[in-house]
Amino acid sequence: MWRDINAGTYKPSRSVAFIVFKPVQREVFAADFRDRVVHHLIARKIEPLLEAEFIDDSYSTRVGKGTLYGIRRVEGFVRECSAGYTQDCYVMKLDIRSFFMNISKELLCSRLETFLREHYRENDREMLLYLLRETLFNCPEKNCIRRCPVSDWKGLPRDKSLFHSDGKHGLPIGNLTSQMAGNFFLSPLDHLVTEQWGVPLYGRYVDDMVLVHPSREHLLAVRERIREWLTANGLTLHPRKMYLQHYSKGIPYIGGVVKPGRKYISNRTVGYFQDTLEYYNRLAQEPGYVETHGEEFVSSVNSYLGQMKHFATYNLRKKLLLGGGIAPGWWKVIYASGHLEKIVLKKRYTARTRMQRSMHREIVSYQLIKKEAV
């Protein structure tokens, strides 16, 4: 790969395409390992420059600025705008229709090249621009490996799939470079909203925008400006995904619900957690399963508990963990820790301990056979 890059002959390899169904049905392309190395090479070189360009309140694919950070920021926006929940303020959420699938590759690359020629000062700039072009103009849908049946694409709208793109638009969901490029593409809009259009209390997670302001009419006027900017850049607002309410109604945003003075986890996330518990409870009925799959179960459950502990969910966690949500068989190998913030696998059931016991049995068996032979 190093030789290919230096010779200017590097080309992306085949990607793996598959469908995920949670939180919604979505097409994902997993790049080949060597291409992911290139993606990280690009990211390491341009990320510091992009960080200086982005506003503080774009939350996707940025260190320390994930969904929990975004939810806390929105909670702070409402508290500030309403003067501690004593004045009226309104919250508007907007969504871009099929964002990744409608990004113009030509427009994106042109802007990135202009930006890097202005800000990137290292002597490998031409190599970096070459790798960016090869990555962003790649059409993985033309030579991919499908890792799930074609029937899984049934029900996915045409404008949500690269298989129906014209090759000039669309970035593959699943690539690190796609996430960074998407943030960069919308960065000018972020600056317009916060610096020129009078809505400093604004945040964006990928294409999910939230605006907080005392005036409902002002928010509607800004929505039209956003619509015009998106149209000029080949994108459109989703006609059915517009939310405008008084803050007291509650704000569903990126997996949480923000209400005055408190925040809750979304019902959808809770539902996924319950589905996960039911899945593992069924498997626990198989003889010997809980004794050999404890680490997998603990890892899966703790991924949900790690998110839930940041919300007002103690009673919910108590109900899910201790109220019959976990099959009795699992409690043979686990226990709950702290304020039900995680579960812990008992030491004797860890893979390391099981391997040590197995090795010990083999040694003892070998010694007995050797003794009998003598």
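Start by selecting Ile42, Ile46, Leu50, Leu112, Leu132, Leu136, Thr177, Met180, Ala181 and Phe184, the lining of the second largest cavity. In this predicted model, local features need pLDDT of at least 70 and side-chain atom pairs count only at pLDDT 80 or more, while totals for chains, interfaces and linings use all residues. Residues are numbered from 1 along each chain as its sequence is written, and side-chain values use heavy atoms, leaving out hydrogens and water.

A cavity is a set of points on a 1 Å grid over the protein atoms alone where a 1.4 Å probe fits but cannot get out, and its lining residues have an atom within 4 Å of a point. The one on your screen has a volume of about 60 Å³, the volume being the space filled by probe spheres set on the points.

Now colour helix 2 (33-53), helix 6 (125-136) and helix 7 (176-196), each of which supplies at least two lining residues here. Helices are DSSP runs (H or I, at least four residues), numbered from the N terminus. Which helix gives the largest share of this lining? Helix 7 does, with 4 residues.

Next, select Tyr10, Asp35, His39 and Asn175, which are among the residues lining the largest cavity. Its volume is about 80 Å³.

Finally, move to Asn281 in helix 9 (residues 267-283). Is Asn281 buried or exposed? Asn281 is buried, with a relative accessible area of 15%; buried means under 20%, with a 1.4 Å probe and protein chains only. Show Ala327 too: its backbone nitrogen lies 3.0 Å from a polar atom of the Asn281 side chain.

Notes:
Buried means under 20% relative accessible area, exposed over 50%, partly exposed in between (1.4 Å probe, protein chains only). A polar contact is a pair of N or O atoms within 3.5 Å; within protein, one must be able to donate a hydrogen and the other to accept it, and residues adjacent in sequence count only if both atoms are side-chain atoms. On a 1 Å grid over the protein atoms alone, a cavity is a set of points where a 1.4 Å probe fits but cannot get out, and a pocket is an open set with protein on both sides within 12 Å along at least five of seven lines; lining residues have an atom within 4 Å of a point.
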